[in-house]
Amino acid sequence: MNKTALVIGATGVSGRALMDHLERQSDWTVIGVSRKPPYFPTKARFVHADLMDPESCRDNLGGLREVTHVFYCAYLDNKVIAETRAPNARMFANVLPVIEAAAANLQHVCILQGTKYYGQYLGPFKTPAKESDPRIDVPHFYYDQQDLVMEASAGKAWSWSAARPHVICGFALGNPLNIITTIATYATLAREMGEPFTFPGKPGAFTSVYQATDAGLLARAMVWMATNPACAEQAFNITNGDFFRYQNLWPVFARHFGVEPGGVETVDMTKRMADADALWDRIVAREGLQKHPLSQLVNWNFANYAFSNDWDVMSDTTKCRRYGFLEFIDSEEMFLGHFRDLQRNRIVP
């Protein structure tokens with residue numbers, strides 16, 4: 001049966017990967033929702049809506065009667081994590097009733113969560129984290145969104161699921177909360193400045209066990225969850241399936257970008273890179289790169305956060321394998337593949 005996907009947050013890292021994957025499937029029609037027009041080639045229909053505005057949601061999403069599957073990937077960031085709760089809970093609360101009322105043949109809503117569900121961002125937590133672990137005492141919009149979709153779907157013909165990845169790796173222009181472009185631009189700038197490619201985070205973050213999730217793998221997992229009846233009312237940890245330590249990958253990254261590797265040098269990246277915009281513009285002009293300002297590629301506050309977790313981050317992925325999703329990716333190969341994509345597309349030299 002033909003299915004119609006509504007990808008909300010379609011121009012972000014996870015949303016774009018979903019769009020790319022679904023557009024290659026012959027039995028899917030794809031509708032993307034974003035505030036801005038797509039910056040990548042797509043055959044999908046795009047709808048523009050301000051998810052913070054209930055009226056905008058009603059006006060722009062209320063006519064989407066053909067939707068059968070919703071993939072909710074929208075996210076509004078704030079450098080204070082506690083401040084992300086209210087707007088992200090509100091956006092989902094604005095969207096879900098509108099779509100449910102409009103789409104008479106709605107079958108499934110898949111929401112995107114992450115390891116913050118387990119309290120990963122607060123300090124050392126139980127590892128490996130399992131989907132059955134209890135919620136922590138600190139409120140989070142993941143809990144708000146899941147409670148809402150559980151309540152809304154109770155006794156209805158449609159179901160829900162939740163994906164819990166960690167550090168989603170892909171590319172989305174204008175989304176600087178991205179570990180791939182963060183590492184690539186930092187390495188490029190270090191080489192340009194004649195400085196070693198040091199690890200800017202905490203020493204413990206350099207040596208702790210870590211994990212990642214390729215955006216393409218996540219997209220395939222979310223579609224699997226949304227179309228497999230056994231996955232209804234279930235949450236799944238979705239990662240590449242392996243673990244790594246930055247102390248082992250950092251020299252690999254340095255070799256790839258032709259920069260001298262360095263050890264740990266804990267710095268505030270917002271201060272270290274305060275004057276890097278002009279330098280980046282010179283690199284772009286000299287190397288013939290796409291003319292994207294540095295602020296579209298990397299957020300140095302995000303870099304500070306991404307390299308500060310000096311405790312193990314490990315999710316158990318037994319459940320998704322037990323239910324039938326068997327894909328995995330070598331994380332080192334994933335990083336290098338994404339770096340090559342950035343270079344091939346002339347985002348970095």
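Reader: How many aromatic pairs does a search of the whole structure find?

Author: The search finds 29 aromatic pairs. Rings of Phe, Tyr and Trp (its six-membered ring) are paired if their centres lie within 6.5 Å; planes under 30 degrees apart count as stacked, over 60 as edge-to-face and the rest as tilted. This is a predicted model, in which local features need pLDDT of at least 70, side-chain atom pairs count only at pLDDT 80 or more, and totals for chains, interfaces and linings use all residues. Residues are numbered from 1 along each chain as its sequence is written, and side-chain values use heavy atoms, with hydrogens and water left out.

Reader: Why is the pair of phenylalanine 199 and phenylalanine 307 called edge-to-face?

Author: The planes of phenylalanine 199 and phenylalanine 307 stand 65 degrees apart, with 5.2 Å centre to centre. An angle over 60 degrees is what the term requires, so the name applies. Phenylalanine 199 belongs to strand 8 (residues 197-199) and phenylalanine 307 to the loop between helix 11 (300-306) and helix 12 (318-323), so the pair ties together parts that are 108 residues apart in sequence. Helices (H or I, at least four residues) and strands (E, at least two) are DSSP runs, numbered from the N terminus.

Reader: How do you know that phenylalanine 199 is buried?

Author: Buried means under 20% relative accessible area, exposed over 50%, and partly exposed in between (1.4 Å probe, protein chains only). Phenylalanine 199 has a value of 0% and is therefore buried. Phenylalanine 307, at 2%, counts as buried as well.

Reader: What makes the sheet of 7 strands leave one side of strand 3 and strand 10 without a neighbour?

Author: The sheet is open, with parallel pairing and the strand order 3-2-1-4-5-6-10. Strand 3 (45-48) and strand 10 (234-237) are at its edges and have a single partner strand each, so one side of each lacks a neighbour in the sheet. From one strand to the next, the twist averages 20 degrees.

Reader: How do you know that strand 6 is joined to strand 10?

Author: Two strands pair if DSSP finds at least two bridges between them. Strand 6 (residues 159-164) and strand 10 run parallel and are joined by 4 bridges. Alanine 162 has alanine 235 of strand 10 as its bridge partner.

Reader: Which strands does helix 3 lie across?

Author: Helix 3 (residues 85-102) lies across strand 1 (3-8), strand 4 (69-72) and strand 5 (108-112), and runs at about 170 degrees to strand 4. Axes are lines fitted to C-alpha atoms, for helices over the stretch in contact, and angles run from 0 to 180 degrees between N-to-C directions. The cover over the buried residues of helix 3 includes these strands, helix 2 (54-61) and helix 4.

Reader: Why does glutamine 146 count as buried?

Author: Glutamine 146 is part of helix 4 (residues 141-153). Its relative accessibility of 7% makes it buried. Contact means heavy atoms within 4.5 Å. Residues up to four places away in sequence aside, glutamine 146 touches Ile111, Gln113, Tyr117, Arg135, Trp160, Ala162 and Arg164. Just after helix 4, glycine 155 takes a positive phi of about 75 degrees.

Reader: Why is leucine 106 called buried?

Author: Leucine 106, in the loop between helix 3 and strand 5, has a relative accessible area of 6% and is therefore buried. Leaving aside neighbours within four places in sequence, its contacts are Val67, Thr68, His69, Val70, Glu100 and Trp158.

Reader: Which residues have the most contacts inside the largest nonpolar core?

Author: They are Phe71, Ile179, Tyr246 and Phe335, in a core of 94 residues. Such a core is a set of buried Ala, Val, Leu, Ile, Met, Phe, Trp, Tyr and Cys residues joined through side-chain atoms within 4.5 Å. Helix 7 (residues 215-227) supplies the largest share of this core, 10 residues. A second, separate core has 30 residues, including Val47, Leu51, Val98 and Ala103.
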